[in-house]
2 protein chains.
Amino acid sequence: MNVLIVYAHPQPRSLNGALRDFTVQHLQAAGHHVQVSDLYAMQWKTTIDEHDAPQRDPSEPFHASLDSMKAYQSGTQSPDIAREQEKLRWADTVIFQFPLWWFSMPAILKGWVDRVYAYGFAYGVGEHSDTHWGDRYGEGSLSGKRAMLVVTTGGWESHYSARGINGPIDDVLFPIQHGMLFYPGFDVLPPFVAYRTSRVDGATFETMTRALGARLDSLATTAPIPYRRQNHGDYDIPALTLKNGIADGKTGFAAHIA
Amino acid sequence: MNVLIVYAHPQPRSLNGALRDFTVQHLQAAGHHVQVSDLYAMQWKTTIDEHDAPQRDPSEPFHASLDSMKAYQSGTQSPDIAREQEKLRWADTVIFQFPLWWFSMPAILKGWVDRVYAYGFAYGVGEHSDTHWGDRYGEGSLSGKRAMLVVTTGGWESHYSARGINGPIDDVLFPIQHGMLFYPGFDVLPPFVAYRTSRVDGATFETMTRALGARLDSLATTAPIPYRRQNHGDYDIPALTLKNGIADGKTGFAAHIA
C-alpha cells in the first residue's frame, strides 16, 4: 500500500530519526510505497496567513477559514499546501511521527494541520441538515484511509497511566486522534508510544523497534479505535450530544468510543 | 497589576481583534499595566531549531532540550525568546487569547510555548529526588502568577458539553491549562470561552464583553482551578500516580482536580 509519513523532529541523529529510518526501511522491505514529509527538512511554513491564498483580494481583511475555502475551491492555494493534500490523496495509510512537546505536537506539525486542512478539504465538507452535520467524525475527504500516531515522550509510562499526573495517554492524544484524524474521516489505529526517551540504550531500542515493526506489519489489519460516527444515530443533531440510551451516565472523551 | 496578553490571531479586524482591544482598554481603564505579545504582528518565529541557541557548538547534533538549557543558563538565547521570558517575569497575570483551531492552539502560539519555555526556565527546574520530582505542577518559575485562557470556537457550546461530540471543553483544554500553565507554576483561572463565533452580532458581542469584563475585573480574586500539586503528598514519586486514598476510583483528567 501507499504510506505517507508526516514527520516532525529537528534532528536526524536522534531517537526519532532512527525510528523514522527504521519505519521507512521496514515498510519498503515489505513492498509498500513510502513518502516522507520531513517537515523540518522541508522548512515547512508553519503559520497560516494571507500568503496561503496568494490570489485573494488584498483589500478585504484576511479570513483564515474563508480564504482557505476560496483558494482550495479555485485551485489557487499555496503550492506547498496543495502538494501535501495530494500526498494525502495518494496515501492509504498516514503515520504521524513526532515527540510529544507540552502534551501536544510540535508547532511545525500543528502548522501542517492548520494549513493543509483547508476548508472544503478537511472541514466544511458535505451537507448540513437536521440529520447530517457535515461529513466529519467518521466521514469526509480522508475516509477509507488509516492513520496512526508514532509518539515519543520524555515522561514515563506511569505518568501517562489512568491515574498518572499527565493524564492518560489516550486522553492526552484525544484532541489529535479524534479531533484531527477521525474528524476528516481517517480510521485511527491505536498509537505507538515510546516513553522515557532520554534513557534508550541499544537493548531498549531493539525492543522498541520489534514492537514498532509488529505494528507496521499489521497496519492493514489492526482494528481502529471505535470512535462513534457523528451521522449514524448516536448523536442528537444539531446539539451533537450523545443521545439518551447511548453510553448512559458516561461523560468525557471515553463516551465517544463505542 | 501587570498583565501580559499573549495573543494569536492573524487578523486585527476580527472578533478576536475586537475582544483583544476590549481587554486592553478595560484593563488599562482599571489602572493595570498591560503588554501585548501579538504573535502575528511580531512575526513570531514559530519553529524551535538550532538558531534559537546561536552560540551552540555546530559540530554537535542539535538537541532541542539540552541546547535550550545551555543557551538559557549562559544567557545566549535568541533575543526574541529572552524578551518573552522577561515579559513573563514582569507579569502578575498572563492572558492567552486565541481561536481554538483543531482542538488546540494555533501553531504560532504553540511555537511560542515550544521556544519560550526553555529547559531551566519552564521545565527541568528544581531538585529531583524520591520526594520531589522537580519544581513543576504547582511549583516553578512562574508560581505566584495567574493565567487565564480567552478562547473562541466556531463550534457550539453543546458540542463541548459533558456529552458533546468534541469532548468537554475542560478536557479539551486540559493539556494546555494543566500541561502548559499549571506545569511551570501558574495558578490557572477558569477559561473564558466564546462559542459559535461565526454568528456574533452586536447584541451578542455586547453580552460577551460584559461577561469578559466581569472576568477581567476579578482576575485577582477568582479562585484558580484546584489542580493537585505534584510534590505535596497526593502522588507517589517517581511513578507520579495518584496515591491510594486520593480520588479513589477516579481516573482521567478530572482526578487531578482536588
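**A helix pair and its surroundings**

Tutor: In chain B, helix H1 (residues 15-29) packs against helix H7 (residues 202-217) at an angle of about 40°, with the axes 10 Å apart. H1(B) is therefore oblique to H7(B). The model is predicted, so local features need pLDDT of at least 70 and side-chain atom pairs count only at pLDDT 80 or more, while totals for chains, interfaces and linings use all residues. Residues are numbered from 1 along each chain as its sequence is written, chains are lettered from A and ligands numbered from 1 in the order in which they are written, and side-chain values use heavy atoms, with hydrogens and water left out.

The terms are as follows. Helices (H or I, at least four residues) and strands (E, at least two) are DSSP runs numbered from the N terminus. Axes are lines fitted to C-alpha atoms, for helices over the stretch in contact, and angles run from 0 to 180 degrees between N-to-C directions. Angles under 35 degrees count as roughly parallel, over 145 as roughly antiparallel, 65 to 115 as roughly perpendicular, and the rest as oblique.

From H1(B), the residues in contact (heavy atoms within 4.5 Å) are Leu15(B), Ala18(B), Leu19(B), Phe22(B), Thr23(B), His26(B) and Leu27(B). H7(B) contributes Phe205(B), Met208(B), Thr209(B), Leu212(B), Gly213(B), Leu216(B) and Asp217(B). By class, this contact has 9 nonpolar, 4 polar and 1 charged residues (Ala, Val, Leu, Ile, Met, Phe, Trp, Tyr, Cys and Pro are nonpolar; Asp, Glu, Lys and Arg charged; the others, Gly among them, polar). An α-helix has 3.6 residues a turn, so residues three or four places apart point the same way.

In chain A, the axes of H1(A) and H7(A) come within 10 Å and cross at roughly 40°. That crossing is right-handed.

Next, the two chains together. Between them, chain A and chain B bury about 5,000 Å², 64% of it on carbon and sulfur atoms (accessible area, 1.4 Å probe, lost on putting two parts together and summed over both). Each side is listed separately: 66 residues from chain A and 66 residues from chain B. On the chain A side, Trp102(A), Arg163(A) and Ile165(A) lose the most area, together 21% of what that side buries.

Trp102(A) is in the loop between S3 and H4 of chain A. This tryptophan has a positive phi of about 55° although it is not a glycine. Most residues other than glycine have a negative phi, and most peptide bonds are trans. Trp102(A) is buried at 11% relative accessible area (buried is under 20%, exposed over 50%, partly exposed in between; 1.4 Å probe, protein chains only). Ser104(A), in the loop between strand S3 (93-99) and helix H4 (107-116) of chain A, is buried at 7%. Its contacts, leaving out residues up to four places away in sequence, include Ser104(B), Lys110(B) and Met180(B).

In H4(A), 10 of its 10 residues are buried. The cover includes strand S1 (2-7), helix H3 (79-90), S3 and helix H6 (174-182) of chain A, together with helix H4 (107-116) of chain B.

Back in chain B, the peptide bond from Ile237(B) to Pro238(B) is cis, with omega near 10°. Pro238(B) lies in the loop between strand S7 (235-236) and strand S8 (241-242) of chain B.

How values were computed
Left-handed = near helix turned anticlockwise from the far one by under 90°.
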